[in-house]
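Visitor: Could you pick one part of this model and take me through it slowly? I'd like to know what is joined to what, and where each partner sits.

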Amino acid sequence: MCVSGWPIVLLLFCLLDSVVPSLSIPHPIPTISNNSAETTQNDSCPLVISPSSLVVRFGDPATANCSVMGTSPNDNLLVWEAPLKSPDPTLDKFLVWSVDKMTVWTNEAMCFLLSLKGNECIIYLSVIVYKPPDIVSIGFYNHTGPMVEGHQYTLQCTVEDVALVGNLTVTFYRGKTVLHSLTSNYTEKTPVNTTLTVNIIPSKDDDGVQYWCEAELELGAEGPQPPPVVASQKLTAVVFYGPQFLCPPKLQVREGESLRCKVRGNPKPSVTLIKDGDVVSLPTHLCRKHAGKYTVLVDGHSGQKNHTLEVEILSGSGSAQRCNTHLLLVGLLIQILTCCKT
């Protein structure tokens, strides 16, 4: 609607209602990067957009202001061409574009200044619409069940329904230790599912550790701080290994003490002691009679392993005296029973 008292150029715009739609608007050109708080197209164009780059979460409100710097004739028309809804053109020095919910996956808007003299200038606004992933999960590629020490496996982190995938960084963890960080090679602007992988070769020390991954959207200084991060569930590793017999070939043990050797493996190995061709079991407190050479059979995940162990019993006290006392009592009891029979 035209109002009396407006400049003659506005009256012409009102009378020629088809002028604005018929104006030739150049096709968008690549977005210009600028680290300042505002963006201008070139030195001769008086337009400024604030913020210089708009980073908005899908479904959130968005606002940008286009303004004319310095003095300019009153016959300049300020126009937005932006996603969803553009504001009405104005002869004012600024024009605000605003939406309640960003529901399109666009990457650019533009503001331009037009006049009846045919002069025009355009400024572009980079619009980055992002969406954190719905779900991030971790698992093994083409494998279920326990792992085996020394074999190679592939961990995969699946990120579902994320945008912008080109700004996505996925980090794999072993407990609190970073294993590897990867970025996606895809450039889609709309939400996608993506899977990134890393190879591991587990050892016995990995049995029981937790693997997990997290997806982070790196959206620059004008994006949300800290960046959006979604973590996966924890995957507890089960590693089969062994058996291992941790004991020196020759072991000295004091009387009354126990044999301190370790056997490691998953599943838990079974241990068999053989002395002089017979299967034996050692008591908690050893005596001199337990000295000698033993064959130790350790049966575990990778099969049975044989070890030779020589046990030397040293003089001791305390428990050793009890051990000797037990032997004396047994000997005395045998003598008493012998005398009673005669």
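**The cross-links, one by one**

Guide: C66 and C111 form a disulfide, with 2.0 Å between their sulfur atoms; the term here is for a pair of cysteine sulfur atoms within 2.5 Å. Before going on: this is a predicted model, so local features need pLDDT of at least 70 and side-chain atom pairs count only at pLDDT 80 or more, while totals for chains, interfaces and linings use all residues. Residues are numbered from 1 along each chain as its sequence is written, and side-chain values use heavy atoms, leaving out hydrogens and water.

Back to that pair. The torsion about the S-S bond of C66 and C111 is about -85°, so this disulfide is left-handed. C66 belongs to strand 3 (residues 62-68) and C111 to strand 6 (residues 108-115), so the link ties together parts 45 residues apart in sequence. For the bookkeeping, strands (E, at least two residues) and helices (H or I, at least four) are DSSP runs numbered from the N terminus. Both C66 and C111 are buried, and buried means under 20% relative accessible area, against over 50% for exposed, with partly exposed in between (1.4 Å probe, protein chains only).

The structure holds three disulfides, so let's take another. C157 and C213 sit with their sulfur atoms 2.1 Å apart, and at 75° about the S-S bond this link is right-handed. C157 lies in strand 10 and C213 in strand 14 (residues 210-217), so parts 56 residues apart in sequence get tied together. C157 is buried at 0% relative accessible area, and C213 is buried at 0% too.

Then there's C247 with C261, their sulfur atoms 1.8 Å apart. C247 is in the loop between strand 17 (239-246) and strand 18, and C261 is in the loop between strand 18 and strand 19, 14 residues apart. C247 counts as buried at 18% relative accessibility, while C261 is partly exposed at 23%.

Now for the charged partners. Side chains of opposite charge can pair when their charged atoms come close. The structure holds four salt bridges, each one a side-chain nitrogen of Lys or Arg within 4 Å of a carboxyl oxygen of Asp or Glu. One of them joins K131 and D134 at 2.8 Å, N to O; K131 is buried at 16%, whereas D134 is exposed at 51%. Another joins D161 and K131 at 3.2 Å, N to O. That pair links distant parts of the chain: D161 is in strand 10 (residues 153-162) and K131 in the loop between strand 7 (120-130) and strand 8 (135-140), 30 residues apart. D161 itself is partly exposed at 26%.

E255 and R288 also meet in a salt bridge, 3.8 Å from N to O. E255 lies in the loop between strand 18 (250-254) and strand 19 (262-266), and R288 in the loop between strand 21 (278-280) and strand 22 (292-300), so the pair ties together parts 33 residues apart in sequence. E255 is buried at 6%, and R288 is partly exposed at 45%. Shared partners join K131, D134 and D161 into one salt-bridge network.

As for the setting, the chain has three helices and 23 strands, and buried residues make up 36% of its 342 residues.
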